[in-house]
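Please open the model in a viewer and keep the selection panel at hand.

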Amino acid sequence: IKEMHSQVTNQFMRYEGHVLRNIGGIYTTYKSTEEPGPVYTPQTKAEQKAALDFIGRHAFTEPSWLMAESYMSRISQSPAELLYPIANRAVADLLSPTKLSNIDRYSYAADAYLPGEYTSDLAQMAFSETASGTAVSPYRRHLQAQFVATATRHYGTSPMSVRTYYHSLLLDVRRRLASARTADAATRAHYALLRQMIDDAIERK
């Protein structure tokens, strides 16, 4: 059962990878010298936002269809941890310097997905509980911790051309965390730790 679950998870992650390539992507249409029209066409803002929405619904949100109680308790003491690679893959790709560089590079397009809007959408998607006041699940706590750890690491090591976007993203996340109100003690402690991680990264630079 564990092997079958692993295979299904890996197959889903392959689908996830296909969708992620639509964000910051570009079409290449090879043409002869005589053919009119552009060879390189960035993907539209609508296409990229649709891809991000898919990731938000199926990777940033815990994929409960992979967590059926009838068999998960038979293959792991911590079933949610088997799904963490799905979150890790999405966070690593969406926050990669290459992704941000591509979005910045293709911002010349008439219907571009601008970096500032992209990072704002990411923060909203990753930290929606800060507005709703709901408790953060273990899966989402892991995802949010990965998000902050990845963003702070790239903020400290990326070229200046994209570092400014990590800076604005981290300030956005810190603002959301600071304004959050929740009755759940574990969520409050989680938010406090993330704020400290962000503060340490910004002050260090």
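What covers the buried residues of helix 9? The cover includes helix 5, helix 6, helix 7 (129–132), helix 8 and helix 10 (185–204). Helices here are DSSP runs of H or I with at least four residues, strands are runs of E with at least two, and both are numbered from the N terminus.

Before continuing, note that this is a predicted model, in which local features need pLDDT of at least 70, side-chain atom pairs count only at pLDDT 80 or more, and totals for chains, interfaces and linings use all residues. Residues are numbered from 1 along each chain as its sequence is written, and side-chain values use heavy atoms, with hydrogens and water left out.

**The whole chain**

Select the protein chain and colour it by pLDDT, the predictor's confidence in each residue, from 0 to 100. The mean is 88, and 88% of the residues reach 70 or more. Confidence is lowest in helix 3 (residues 69–75), with a mean of 63, and highest in helix 6 (residues 115–126), at 97. The chain has ten helices and two strands, in the order α-β-β-α-α-α-α-α-α-α-α-α from the N terminus. Of its 205 residues, 42% are buried, that is, under 20% relative accessible area, as against exposed at over 50% and partly exposed in between (1.4 Å probe, protein chains only). Contact requires heavy atoms within 4.5 Å; among contacts between residues at least 6 apart in sequence, 70% join residues at least 24 apart.

Select residues 160–179, which form helix 9. This helix of 20 residues reaches 29 Å from its first C-alpha to its last, close to the expected 28 Å; the expected span is 1.5 Å times one less than the number of residues. Its buried residues include Tyr 165, Tyr 166, Asp 172 and Arg 176.

Next select helix 8, residues 138–157, which also has 20 residues and a reach of 29 Å. Among its buried residues are Arg 140, His 142, Phe 147 and His 154.

**The cavity**

Where is enclosed space to be found? Select Gly 24, Gly 25, Pro 42, Gln 43, Gln 48, Ile 103, Tyr 106, Ser 107, Ala 109, Ala 112 and Tyr 113, which line the largest cavity. Its volume is about 60 Å³, and the structure holds one cavity of 30 Å³ or more. On a 1 Å grid over the protein atoms alone, a cavity is a set of points where a 1.4 Å probe fits but cannot get out, and lining residues have an atom within 4 Å of a point. Grid points are joined across faces, edges and corners, and the volume is the space filled by probe spheres set on the points.

Centre on Gln 48, in helix 2 (residues 45–60). Gln 48 counts as buried because its relative accessibility is 6%. Beyond its neighbours within four places in sequence, Gln 48 is in contact with Asn 22, Ile 23, Gly 24, Gln 43, Ile 103 and Tyr 113.

Move to Ala 109, in the loop between helix 5 (97–105) and helix 6. At 22% relative accessibility, Ala 109 is partly exposed. Ala 109 and Gln 43 are 66 residues apart in sequence, with 9.0 Å from C-alpha to C-alpha.

**A loop residue**

Finally, select Leu 83, in the loop between helix 3 and helix 4 (84–94). Is Leu 83 buried or exposed? Leu 83 is buried, with a relative accessible area of 0%.

Conventions:
1 Å grid on protein atoms, 1.4 Å probe; cavity = no way out; pocket = protein on both sides within 12 Å on 5 of 7 lines; lining within 4 Å.
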